[in-house]
Amino acid sequence: MSIQRIKGTQDILPDAVWPWQVLEKEIRRLCWDYGYHEIRTPVFESTSLFVRGVGATSDIVEKEMYTFEDEGKRSLTLRPEGTAPVCRAYVENKLYGLPQPQKLYYIGPMFRSENPQSMRFRQFHQFGVEVLGADEPIVDAEVIQLAAQVCQNFGVKGLETQINSLGCPECRAVHREQLLAFLEPKRVGFCELCRSRLERNPMRVLDCKNPECQRLTQGAPTTFSTLCGDCHDHFDRVQDLLQLARVDYKVNPRLVRGLDYYRKTAFEIVETSLGSQNAICGGGRYDALVEEIGGPPTPGMGFALGIERLLKILQDQQIEPDDTRAAQFVTVAALGQRAQDEAFRIVSRLRRKGIPANMDLMGRSLKSQLRTANRDGTRYAVIIGEDELVKNLVVIRDMTEGEQFEVALEDSILWIEKRLFEAN
């Protein structure tokens, strides 16, 4: 019996991985433009980090974590999300002692033990940003702007940025009291999960996707309706700044987030064709999280974007991420051992100059080599056979335009460099 991958995981094969690489490359470029720096945290952490940081009443902690004991009987958990580990690293490495704010981003796998379904995996990948050390509304606006621009840069259509304010602990307490008064008489009609949420975190009932629960919560008090003066001013300023940045958004008073640490601004970017799992990106402000895990009082704002979900939308909308390096690719096709030696020399020189180049390693026919070159998106194919060696030249075929040129062997590298430079 063969060993197979674990349910809820994926093999991302070579012919499917390039959109991931292009997406990650654009994310890194955009983060650099915004002044964010990459941070990499371990894929497993102390379980207490997520219990304290994410919240004991959250779905993640209650039923979705991969938790195990190591040889020292310590409880460890594969990271289910990225914010708490970044905050732990911020505290442990005393990044609060550096100039603030710290603008950080990460790309990596996360793990949740949940029922696999469309766009829900047990190992999935997230891109996220965290801004630690600044509580001004302009931070919230910049983070939302960055999230929206990631999607816009790939030409994704049909997206909507939704924002809300969840308030501070003071106005949240007022909202909780009003919400419980509204929901308790309807308790019997809610699903089992929502009935349990009523006791611990009633705001999450507003987030339930069950149609009957959604019907029963129509007209319920929202966090937006109970904001204190400071929270209201903060949210108004965020909206003013988003308008200045020309970021389209919609205020959704029913928007809440599934993690307990959120305060004030919350947002999601949604796409309707994904069905109930329509959030590509979500985040918000979490001003108490760093202190909760043992650090100094530190405001924070961030988001996480599901890479699989964004790639699925690109595929559904038939958008192919543009990779400029693919347009520069060179394949050297050789026939015979002498030609193969010369091809290896040319490929080596191209690579040293930073030009991506490849050649056949299996002694295949010229027709087969060119077929592979075309499949791989080659721009120029350099063809070398016995006849070309006798004449001390190569044939260079423009695979995009279909043109073919005879070029002196010693001029071939310079010819390719010049053409690629002109094209870019």
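In which hand does helix 1 pass helix 5? The crossing is right-handed. Keep in mind that we're looking at a predicted model here. The protein has 424 residues, with buried ones making up 50% of them, and its secondary structure comes to 15 helices and 16 strands.

**Helix 1 against helix 5: geometry**
- The pair to look at is helix 1, covering residues 14-34, and helix 5, covering residues 137-152.
- Their axes sit 11 Å apart, and the packing angle is about 150°.
- Angles over 145 degrees count as roughly antiparallel, so that's the label for helix 1 and helix 5 relative to each other.

**Helix 1 against helix 5: who touches whom**
- From helix 1, the residues in the contact are Ile27, Leu30 and Tyr34.
- Helix 5 brings Glu142, Gln145, Leu146, Gln149 and Val150 to meet them.
- Sort the residues of this contact by type and you get five nonpolar, two polar and one charged.

**The whole protein**
- The accessible surface is about 21,500 Å², and carbon and sulfur atoms own 50% of that.
- Take the contacts with a separation of 6 or more: 68% of them link residues 24 or more positions apart.

How values were computed. Residues numbered from 1 in each chain as written. Predicted model: local features only at pLDDT ≥ 70, side-chain atom pairs only at ≥ 80, totals over all residues. Heavy atoms only, no water. Axes fitted to C-alpha atoms, helices over the stretch in contact; angles between N-to-C directions. Helix = DSSP H or I, 4+ residues; strand = E, 2+ residues; numbered from the N terminus. Parallel < 35°, antiparallel > 145°, perpendicular 65-115°, else oblique. Left-handed = near helix turned anticlockwise from the far one by under 90°. Contact = heavy atoms within 4.5 Å. Nonpolar A, V, L, I, M, F, W, Y, C, P; charged D, E, K, R; others polar. Buried < 20%, exposed > 50% of the residue type's maximum accessible area, 1.4 Å probe, protein only. Areas by Shrake-Rupley, 256 points an atom, 1.4 Å probe, with all protein chains shown as cover.
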